[in-house]
Structures are given as C-alpha cells and as structure tokens.
Amino acid sequence: MGMRKRSKPAKASSRLIVGDCLEELKALADGSVDMVFADPPYNLQLDGELLRPNNTRVDGVDNDWDKFSGFAAYDAFTRDWLGECRRVLKPEGSLWVIGSYHNIFRVGTVLQDLGYWILNDVIWRKTNPMPNFRGRRFTNAHETLIWAAHNADTRYTFNYEAMKALNEDIQMRSDWLFPICSGAERLKNANGKKAHPTQKPEALLQRIILAATNPGDIVLDPFFGTGTTGAAAKRLGRGWVGIERNEAYAAIARERIATTEPLDRECLDVSRGKRGAPRVPFGTLVELGILAPGAKLYDSRAKHAAKVRADGTIACAGEQGSIHKIGAHIQGAQACNGWTFWHYETGGELKPIDALRDEARVQLGIAHS
C-alpha cells in the first residue's frame with residue numbers, strides 16, 4: 001500500500017506591503033478582509049531612560065514610531081487607521097486591537113465613536129512580566145485586547161466550540177495566560193539585539209485567528225512588524241495582508257514567513273457545535289418527509305401535544321404557528337426554543353426534534369463534519 005498523499009490547506013492570497021499604514025490602507029479595496037489584528041504604537045510617553053536598580057539600562061520602547069506630540073495627535077492617528085480598517089473589513093468581519101493602559105482606553109473610545117461594536121475585552125496575563133524597577137507602582141503584568149465587530153448587527157465568526165475544546169471542554173474565559181515572547185521565539189538582529197521591542201508571542205495570535213476566522217479567510221495587520229500575524233496565519237491556512245513601513249522589520253518578516261510551514265488541511269478544520277451547523281427550517285423537515293403532516297409532537301413530559309401541519313407550522317391548544325411561537329404560547333413565556341422544547345416519539349421514547357435536523361442536512365447534502 002502506497003503512502004497517502006498529504007492534503008494541502010486551502011490557498012489564500014497573502015502579501016507584505018512596505019509603506020505608511022494610513023496611505024497603504026487607503027489603497028485596499030472596501031470589504032476585502034475578514035479580520036484585522038492591530039498592534040499599534042502604545043504612545044508610552046517615556047521620559048528619559050529607565051534604569052534597573054544596578055543602573056543598567058532597560059531595553060524598552062523608545063523608537064520614533066511610538067512618539068506623538070500629545071493625546072490629540074495620537075487620537076487623530078487612531079481615528080484615521082481604525083476608520084480605514086473598518087472600511088476594508090467585510091460587514092461580517094471583526095477587529096482585534098492590543099494595547100496597554102497608556103493607550104487602550106483612548107482606542108476603545110475611538111472604536112465606539114466609529115461605529116464598531118465591542119464584543120469582549122480580553123486580558124493577556126503575562127507569566128513572566130518585566131518587573132517594576134522603581135517600586136513605585138504595581139508590576140504591569142497584563143495587556144488588554146479589544147475584540148470588536150464591524151457593527152452591532154454583524155454576524156461575526158466566533159468558533160466557540162473550538163475555543164472550548166482548546167480549554168479542556170470548559171468555556172473559554174476572557175483572561176488568557178501566555179508568556180511574553182522570549183527564548184528561541186524572540187527574533188534577533190545582526191547585532192544579537194531584539195529585532196523588534198514589542199514582538200508578540202505567536203501562541204497569542206494563533207488563538208485569536210482560530211477564534212475569529214476560518215481557513216481561507218484573510219487577516220490584515222496594519223502594523224506588521226516582524227510578521228507574527230503572517231506566520232500564524234500561514235500556519236493556520238489563512239491568507240494575510242501585512243503593512244509595515246520599516247524595511248528592516250519587513251525583511252525579517254519575509255524571511256520568517258518563508259520558513260513557516262502551513263499545517264495539513266485535515267488539521268485546520270475548527271470544531272463546531274450546533275450553532276455552527278448549516279441552518280435547517282422546521283418546514284424543511286416536513287417537505288423532506290422526515291416529519292409527515294399530521295404527526296404529533298410533545299413537550300418532554302407529554303403534557304401537551306401538537307399536530308404538524310403541511311405548511312411547517314404546528315397546531316396546539318387552539319393556536320397555530322411556528323414551533324417557537326406555539327411552544328412559548330402554551331408555557332405563557334415570551335420566547336421558546338422549539339427545537340429543544342418539542343419532541344417526537346420513536347421506539348417508545350421521546351426525543352427532541354432538534355435531532356432530526358442532522359438527518360435533513362444529510363438529505364440536503366449539507367451535512368456538517
């Protein structure tokens with residue numbers, strides 16, 4: 001028996017653009033990306049050198065790209081790039097932005113002003129944070145991520161079951177524990193120094209991409225740096241667009257991503273629960289003959305019986321309507337999930353009609369693996 005050929009992930013377009021993020025964002029097409037991850041300048045407002053107790057210098061962020069003339073300038077810059085990101089984001093897309101206490105509250109205000117809909121703030125708690133050398137504040141041991149949908153009505157992607165599986169079948173919380181980027185993962189320049197002062201751990205990006213995208217989706221990073229987003233996206237079978245104005249960072253990113261191997265396609269499909277399965281209306285069960293007109297449905301205790309009608313409604317207690325409307329009516333409730341409330345009889349047992357949707361999906365050729 002020959003060796004089975006390994007399948008390849010779905011191909012998605014990817015590119016690195018060298019240039020100013022605002023100018024290059026304007027050149028991207030409307031609604032062309034599925035997710036944005038942004039690690040913008042934090043505007044740390046450092047005043048002089050930061051020294052350890054032994055008077056050695058802390059290698060912090062003192063680059064020109066992190067310096068602004070004041071809050072007004074930073075807010076204007078934030079409004080500009082977030083506005084362009086919202087334009088290029090698909091209506092069903094979402095955006096993640098990371099920051100510290102220096103900038104994240106200002107970013108959050110601008111997000112809401114522009115019409116984004118905030119879904120979560122996620123705390124990245126660092127297992128190995130830099131200590132507070134002056135001893136005048138608490139050790140700053142976390143950064144904050146804001147996850148926001150394009151607007152309040154967005155049907156955004158959230159791979160809930162995948163995140164739950166990743167967390168040993170416990171619902172994923174909004175506090176995440178990761179070490180800061182160090183060791184072999186920390187990229188170095190020709191002088192052996194950190195190639196980029198704010199390189200994020202790839203594990204962080206992998207979780208974000210797994211949570212909010214599907215294989216083949218396009219992820220945009222307007223502050224690409226040394227390419228962590230691109231490397232994680234490539235490994236997970238997503239396309240990416242990176243914008244970086246510093247050619248030295250871009251060169252490192254190109255080399256890094258070129259050596260990143262994508263996972264086999266069979267490893268890329270994310271776990272999905274009922275909410276991720278293709279939708280099947282109740283009337284389809286009737287049309288396919290899975291439930292015939294005249295069939296009886298019951299609540300779990302068989303206190304109420306309803307009759308299935310040819311038009312996909314049910315009749316019970318002198319009323320007719322959808323499985324949800326009639327379920328709510330007989331309970332005197334505002335709402336009801338008819339799929340779990342109503343049951344059908346099989347083999348002397350009552351089972352929820354929700355189980356019949358899988359049979360319908362098979363017949364329709366939309367079975368979900």
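Asp169 is exposed, because its relative accessibility is 57%; exposed means over 50% relative accessible area, buried under 20%, and partly exposed in between, with a 1.4 Å probe and protein chains only. Asp169 sits in the loop between α4 and β6, where helices (H or I, at least four residues) and strands (E, at least two) are DSSP runs numbered from the N terminus. Its phi is near 60 degrees, a positive value in a residue other than glycine. Glu168 lies in that loop between α4 (160-166) and β6 as well, with phi near 55 degrees, also positive. Glu168 counts as exposed because its relative accessibility is 71%. As background, most residues other than glycine have a negative phi.

A word on the source. This is a predicted model, in which local features need pLDDT of at least 70 and side-chain atom pairs count only at pLDDT 80 or more, while totals for chains, interfaces and linings use all residues. Residues are numbered from 1 along each chain as its sequence is written, and side-chain values use heavy atoms, with hydrogens and water left out.

Now the whole chain. The protein chain has eleven helices and 14 strands, and 43% of its 369 residues are buried. Its accessible surface is about 20100 Å², with 49% belonging to carbon and sulfur atoms; areas come from the Shrake-Rupley method with a 1.4 Å probe, and for residues only the protein chains shown count as cover. Of the contacts (heavy atoms within 4.5 Å) with a separation of 6 or more, 68% are between residues 24 or more positions apart.

What does Ile180 contact beyond its neighbours within four places in sequence? Trp124, Lys126 and Asn128. Ile180 is in the loop between β6 (175-178) and α5 (202-212), and it is partly exposed because its relative accessible area is 28%. Between Ile180 and Pro201 there are 6.2 Å, C-alpha to C-alpha, at a sequence distance of 21 residues.

Next, salt bridges, meaning a side-chain nitrogen of Lys or Arg within 4 Å of a carboxyl oxygen of Asp or Glu. The structure has 13. One of them pairs Asp39 with Lys200 at 2.8 Å, N to O. That pair links distant parts of the chain, 161 residues apart: Asp39 is in the loop between β2 and α2, and Lys200 in the loop between β6 and α5. Are Asp39 and Lys200 buried or exposed? Both are buried. Asp354 and Arg357 form another bridge, at 2.6 Å, N to O. Asp354 counts as buried because its relative accessibility is 13%, and Arg357 because its value is 16%.

Last, the interior. A nonpolar core here is a set of buried Ala, Val, Leu, Ile, Met, Phe, Trp, Tyr and Cys residues joined through side-chain atoms within 4.5 Å. The largest one has 29 residues, and Trp81 and Leu220 touch the most other members. Elements supplying at least two residues each include α1 (21-26), β3 (89-99) and β8 (239-244). The largest share, six residues, is from α2. Leaving out residues up to four places away in sequence, Trp81 touches Leu22, Leu25, Ala38, Pro40, Val97 and Phe223. A second, separate core has 28 residues, among them Ile98, Val122, Phe224 and Leu236.
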